[in-house]
Amino acid sequence: MTADFSQPLTPAVARRRSPRRLRLALGLTPSAIACLSWLTVVLGVALLAHWLAPYDYEAIDLRARLQPPVWMEGGTWQHWLGTDDLGRDVYSRLLHSVRMSLLVAVLGTIIGAVLGTTLGFLAAHFRGWIEDLVVMAIDFQAALPFMILALAVIAFFDNSLVLFIAIMGIYGWERYARITRGMTLSALGQGYALSLQVLGVPPLRIYLRHILPNIASVLIVNLTLTFPAVILMETSLSFLGLGIQPPQTSLGNMVGFGRDYLMTAWWIAVLPSAVIFLTTLALCLLGDWLRDRLDPMLDRSPSP
Amino acid sequence: MPVRAIVQKLIRAALTVLLLLTTVFVVLRLSGDPAVYVLGIDADPDALEAYRKQHRLDRPIHEQYLRFLEDATEGHFGQSFMEGRDALEAVMDRLPRTLLLMSVTLGVTLLIGIPAGIFSALRRGSWMDKGIMAVTVASFCLPSFVLGIFLILLLSVTWRILPTAGYQTWQHMVLPVITMATADAAIFARFTRSAMLEVLGQPYMRTARAKGLPWARAVIRHALPNAAIPTVTIGGFAVGSLIAGAVVTESVFAWPGVGRLLVTSVQNRDLPVVQVIIVLVAISMVTTNLLVDLTYGWLDPRIRGLMGRRAEAKP
C-alpha cells in the first residue's frame with residue numbers, strides 16, 4: 001500500500017526515506033495517524049479476540065453479577081471492566097462484539113460494493129431494459145429509508161445471521177451502481193475504451209482491466225463513506241434487538257441489553273458505546289482524508 | 001412549470017407506490033403460508049383449509065393480488081395479532097405522538113443547522129468555522145442510540161434533571177429531540193455551508209459589492225435566497241432520516257409512537273402492522289420527493305426546462 005502512494009518519488013529518494021519523509025509522502029496528518037492506530041487496534045482485537053479474551057464470552061457466573069470495573073469501588077482485576085447482569089465478563093464480551101460487528105460490516109460492505117459495481121457495469125453495457133430495471137431499483141432503494149426496509153425484511157423472513165449479513169450487503173449498493181453506471185458510460189465514450197473495442201478486446205476484460213482501475217478511486221472513496229454507515233446500521237439494528245441474536249453478541253447488542261442497567265451498571269452500555277463512537281469517528285475522518293488524497297476531481301475548496 | 005412534467009411526476013410517484021405494494025405482496029407470499037403463520041404450525045388441517053378458503057388463499061395468484069391491492073387501497077391490511085384490532089387503527093392511534101416528535105425535531109434541526117451553516121460560510125477559515133465543522137463530523141458519526149445513552153446518563157442519572165422515558169410532559173421530549181436533531185442538524189449545517197460558499201463566490205456577489213451595496217445587505221438580499229434553493233433538495237433526505245431516527249430514538253426513550261410499534265411488531269412478527277407502517281412510510285417518502293421536485297422547479301426557473309433531473313442531495 002505504501003508503494004502505491006509514493007510513486008512520484010524517484011527510487012533514489014525512496015531509498016533514503018526517513019519516517020518523516022514517508023509521512024509527508026503519504027500525506028499523513030496527525031489525526032490520520034491517530035485514526036489508523038485506533039483502527040489497527042480494533043482490527044487486531046477482531047482477529048485475536050479468541051486469544052485475548054480471558055473468559056468465554058458466554059460464560060455465566062451468577063455469583064459475580066454486576067461487578068464494577070477495577071477503578072471503581074468493589075472492582076477487581078479478575079473482571080477489570082466489570083461484569084454484566086448475568087455475571088459475564090464485559091471485557092471478553094467487548095472483544096467478541098468487536099469481532100462480530102466488524103465481520104458483519106466488512107462482509108456487508110464487500111457484498112454491497114461487488115453487487116452495486118456489477119449491476120452498474122451491466123446497466124452500462126446492455127443499456128435498454130436492463131438499464132431501466134437497474135435504474136428503477138436504484139430509485140426504489142433510494143426512496144425508502146434503509147432502516148425501514150431492513151426491518152421489513154427481518155419481519156417477513158425472520159432473523160438469522162446469514163439473512164442479516166445479506167441485508168447489510170444490500171445497504172449502499174445503489175450508490176456503487178449509480179457511480180459505476182455513470183462513469184462507465186462516460187468512459188465508453190472516451191478514446192481508450194473505444195480503441196480497445198475496435199481492437200476486439202472482450203467486454204469483460206475492458207471492464208475489469210481498463211475501466212475498473214480508472215474509476216476505482218471514486219469507488220474506494222464511496223467505500224470509505226459506506227463502511228462507517230454499515231457499522232452504524234448494524235449496531236442500530238442490533239441495539240433494537242433485531243440484528244445479531246443472543247447468544248451471539250455485537251456492539252449494538254451489548255448497548256441494547258445494557259440500556260436497562262444504565263441506572264445501576266453504566267459500564268455495560270457505555271464501554272461498547274464508546275468503542276462504536278471512536279471506530280465510526282476514526283473511519284469518517286480517515287474517509288475524509290482519503291477522499292482528499294484520492295479524488296482529484298473533487299473541488300476541495302468548500303469542503304472543510 | 002409545464003403541466004406535462006407534473007403529470008409525469010405524479011404517474012411516477014403512483015407507480016412507485018404500486019411497485020412497493022407488489023413487492024410486499026410477493027414477499028408476503030414467499031415468506032410462508034399465511035394460514036400456518038396465523039394458526040400455528042400444529043393447527044388442525046381442517047382449520048387451515050377453512051382459513052385458506054375464508055381468506056381466498058385457494059384462489060389463483062393473480063386474483064389474490066388484485067384482492068390485496070383492493071384491500072390495500074381501502075386500508076385493510078388485517079388484524080394486529082398483538083392488539084387484536086385493525087392494524088391501521090393501531091398505527092393511527094400512535095401516529096400523532098410520532099408526528100409531534102418529528103415536527104419539533106425538524107424545527108430544532110432547521111433552527112440550529114441552517115444558521116450554523118450560514119455563519120460557518122461567512123466566517124470561512126476562522127476557528128469558529130473549523131470548530132463548527134469538527135462538531136458536525138463528530139455528530140454525524142455518533143450513532144443516535146449512543147448519544148441517547150450518554151444523554152440519559154448525564155442528564156437523567158447523574159444530574160437528575162430530565163426523565164429517561166415516557167411522554168407525559170414537555171420535559172420528556174427534550175432528550176429524544178436532542179438525540180434525533182443532532183445528526184440532522186450537522187447535515188443541514190454542512191449542506192447550507194457549501195451552498196452559501198458557492199453563492200458567495202458568484203460574480204453577481206462581486207457586482208453587488210462593487211455597486212456599493214453594504215456587505216450585510218448583499219448577503220441578505222442576494223446570497224441567502226440563492227443559497228436557499230439547493231437546500232430544498234435535502235428535504236426528502238431529511239424526512240427519511242427523521243423516520244429512521246424516530247425508530248431508534250423512540251425505542252431508546254420508550255416513546256410510545258409508530259417507531260417503537262414498528263420495532264415491537266417486527267420482534268413479534270406482527271406482519272399486518274409492519275405492512276401498514278411500510279406503506280405509510282413509502283407514501284410519505286414519495287409525497288415528499290414529489291413536493292421537493294415541484295418546489296425546486298417553482299423556486300428556480302432555470303430548472304424548469306430540466307424537470308425530472310433533480311440535483312443530488314449530498315450530505
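Biologist: Read along the sequence, which pattern does chain B follow?

Modeller: Helices (H or I, at least four residues) and strands (E, at least two) are taken as DSSP runs, numbered from the N terminus. This is a predicted model in which local features need pLDDT of at least 70 and side-chain atom pairs count only at pLDDT 80 or more, while totals for chains, interfaces and linings use all residues. Residues are numbered from 1 along each chain as its sequence is written, with chains lettered from A and ligands numbered from 1 in the order in which they are written. Chain B has 13 helices and zero strands, and its pattern is α-α-α-α-α-α-α-α-α-α-α-α-α.

Biologist: Which helix gives the most to the side of chain B that touches chain A?

Modeller: Counting two residues as in contact if their C-beta atoms, placed from the backbone, lie within 7 Å, the contact takes 42 residues from chain B and 37 residues from chain A. Helices that each supply at least two residues of that side of chain B include α1 (3–30), α8 (171–200) and α13 (271–299). With eight residues, the helix that gives the most is α13(B).
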